[in-house]
Amino acid sequence: MATPFIHRNLPRLLLQARESVMAYTRPRLREHALSDQQWRVLRVLGEHGVVETGRVAREAFILGPSLTGVLTRMERDGLIRRARDPLDQRRTVVEATDKGLQLVATLSQTIEAHYAWMENTLGKQKLAQLYELLDKVIELEQPCT
């Protein structure tokens with residue numbers, strides 16, 4: 001039976017592309033006993049320094065209840081530290097420890113080397129187009145505010 005679908009399954013293709021990229025990255029994370037979620041948190045902290053937990057959740061795409069467990073394990077492992085926001089005691093901020101920042105530095109070299117390989121393989125212009133198209137899809141699908 002023919003399906004009524006005309007277009008390819010974009011969410012599945014995006015997930016498949018993510019998994020293809022992560023197939024390279026994930027073993028490097030596991031060498032350092034990091035989960036995908038922990039790496040996303042460290043990447044956010046490595047890019048922004050001290051970050052409020054709500055922003056970590058948004059930028060790392062981790063739901064609040066899950067983030068609490070991720071941060072608890074990361075704090076236990078000495079990768080991050082949490083504190084009350086000095087400007088608003090109701091909020092919690094997170095920052096990477098020296099150990100966490102060292103992991104970011106180490107893994108970023110490996111990940112950047114992979115991105116350089118992708119850029120060489122696809123071409124700088126095509127990779128830039130991919131980033132631009134993904135940014136446009138994300139912007140297009142944002143709810144109107």
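Let's start with Ala33: it counts as exposed, at 62% relative accessibility. Exposed means over 50% relative accessible area, buried under 20%, partly exposed in between, with a 1.4 Å probe and protein chains only.

A word on the source. This is a predicted model, where local features need pLDDT of at least 70, side-chain atom pairs count only at pLDDT 80 or more, and totals for chains, interfaces and linings use all residues. Residues are numbered from 1 along each chain as its sequence is written, and side-chain values use heavy atoms, without hydrogens or water.

Back to Ala33. It sits in the loop between α1 (10-31) and α2 (36-48). Helices here are DSSP runs of H or I, at least four residues, numbered from the N terminus. Most residues other than glycine have a negative phi.

Where is Phe61? In the loop between α3 (53-60) and α4 (64-76). Phe61 also has a positive phi, near 55°. It counts as exposed, at 71% relative accessibility.

Next, the surface. Leu10, Leu14, Leu122, Leu130, Leu134, Val137 and Ile138 make a nonpolar patch of about 550 Å². Which helix gives the most to the nonpolar patch? That is α6, with four residues. Val137 is found in α6, and at 35% relative accessibility it counts as partly exposed.

Last, the rings. The charged end of Arg28 sits over the ring of Tyr24, 4.3 Å from its centre. The cut-offs for Arg: CZ within 6 Å of the ring centre and within 35 degrees of the ring normal.

How values were computed: Helices (H or I, at least four residues) and strands (E, at least two) are DSSP runs, numbered from the N terminus. Patches are made of residues with over 30% relative accessible area and no salt bridge: like charges are joined within 9 Å, nonpolar side chains (Val, Leu, Ile, Met, Phe, Trp, Tyr) within 5 Å. Accessible areas come from the Shrake-Rupley method with a 1.4 Å probe; for residues, only the protein chains shown count as cover. A salt bridge is a side-chain nitrogen of Lys or Arg within 4 Å of a carboxyl oxygen of Asp or Glu.
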